[in-house]
Amino acid sequence: FSALVRKEFQLHQANILIAALVLALHLAAFDIRTVHPNFENPNVKFILDATWAFWLLMPLLIGSAAVAEERRLGILESQLCLPVSRRAQLFVKFSVALILSLILGGLMPLLIERTKDLDFHIFYFAAAIFFISFYASTLARTTLQAIGITIGFSICLCFLAFGISVSFRQYEIFGPFIVLFII
């Protein structure tokens, strides 16, 4: 199992490098905000305050690369021939990717920002993004296809959540579309 865990971390080397770049960007924005807290342009302040949102891309990238990258490289089929059950291999793959996603997508912004604006709900968002992208990774052949499936599925879920929250009495036009979408 330690070899499987090591292999999974090795698979995510590119994602860890991207996380290091996001860390450098976030620390630079944090330093700029502390040195120069007041800006004349509110757009600059908004951009510097919202750099923590780049961390939410990490669960998307990690989850999308989990299975699809091995499928693209052609090593998934040979890996499944190892003397470890498929269930154990998928569990290790899922666990390592989930832990990386929660650390890089949820914990890092909380550690850097340390404000009351960010709370532990960011872990829910990171986990939801990871679950959707991991599922899309099992359906796709490449990471880019998995990212596309994840974005499409997320947009559909947002429309579905919006449609459910809309009152049918006030907006009767959405009713048939929601029923068709659910069917």
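**Notes on helix packing and salt bridges**

1. A salt bridge joins the side chains of Lys 93 and Glu 8, with an N to O distance of 2.8 Å. The two partners come from distant parts of the chain, since Lys 93 belongs to helix α7 and Glu 8 to helix α1, 85 residues apart. Please bear in mind throughout that this is a predicted model.

2. Glu 70 and Lys 93 are both buried.

3. Which residues are linked in a network of salt bridges? The network consists of Lys 7, Glu 8, Glu 70 and Lys 93, and the count of salt bridges comes to eight.

4. Arg 72 is partly exposed, its relative accessible area being 46%, whereas Glu 69 counts as buried at 17% relative accessibility.

5. The axes of helix α1 (residues 2–11) and α7 come within 9 Å and cross at roughly 50°, which makes α1 oblique to α7. The crossing in which α1 passes α7 is right-handed. On the α1 side the contact is made by Leu 4, Val 5, Lys 7, Glu 8 and Phe 9, and on the α7 side by Gln 89, Val 92, Lys 93, Val 96 and Leu 100. Sorted by class, the residues of this contact are six nonpolar, one polar and three charged.

6. Helix α2 (residues 13–35) also packs with helix α7 (residues 86–113), here at an angle of about 25° and with the axes 11 Å apart. That angle makes α2 roughly parallel to α7, an assignment that rests on the cut-off of under 35 degrees. The handedness of the crossing of α2 with α7 is right-handed. Helix α2 contributes Ala 19, Leu 23, His 26, Leu 27, Phe 30 and Arg 33 to the contact, while α7 contributes Leu 104, Met 108, Pro 109, Ile 112 and Glu 113. Eight of the residues in the contact of α2 with α7 are nonpolar, one is polar and two are charged.

7. Where is His 12 found? His 12 sits in the loop between α1 and α2, and at 0% relative accessibility it counts as buried. When residues up to four places away in sequence are not counted, His 12 touches Ile 62, Ala 66, Ala 97 and Leu 100.

8. Leu 102 has its place in helix α7, and with a relative accessibility of 26% it counts as partly exposed. Neighbours within four places in sequence being left aside, Leu 102 is in contact with Leu 107, Phe 123, Ala 126 and Ala 127. Leu 102 and Phe 125 are 23 residues apart in sequence, and their C-alpha atoms are 9.5 Å apart in space.

9. Finally, some values for the protein chain give the setting for the points above. The secondary structure comes to 10 helices and zero strands. Of the 183 residues in the protein chain, 36% are buried. Among contacts between residues at least 6 apart in sequence, 72% join residues at least 24 apart.

Terms used:
Residues numbered from 1 in each chain as written. Predicted model: local features only at pLDDT ≥ 70, side-chain atom pairs only at ≥ 80, totals over all residues. Heavy atoms only, no water. Axes fitted to C-alpha atoms, helices over the stretch in contact; angles between N-to-C directions. Helix = DSSP H or I, 4+ residues; strand = E, 2+ residues; numbered from the N terminus. Parallel < 35°, antiparallel > 145°, perpendicular 65-115°, else oblique. Left-handed = near helix turned anticlockwise from the far one by under 90°. Contact = heavy atoms within 4.5 Å. Nonpolar A, V, L, I, M, F, W, Y, C, P; charged D, E, K, R; others polar. Salt bridge = Lys/Arg side-chain N within 4 Å of Asp/Glu carboxyl O. Buried < 20%, exposed > 50% of the residue type's maximum accessible area, 1.4 Å probe, protein only.
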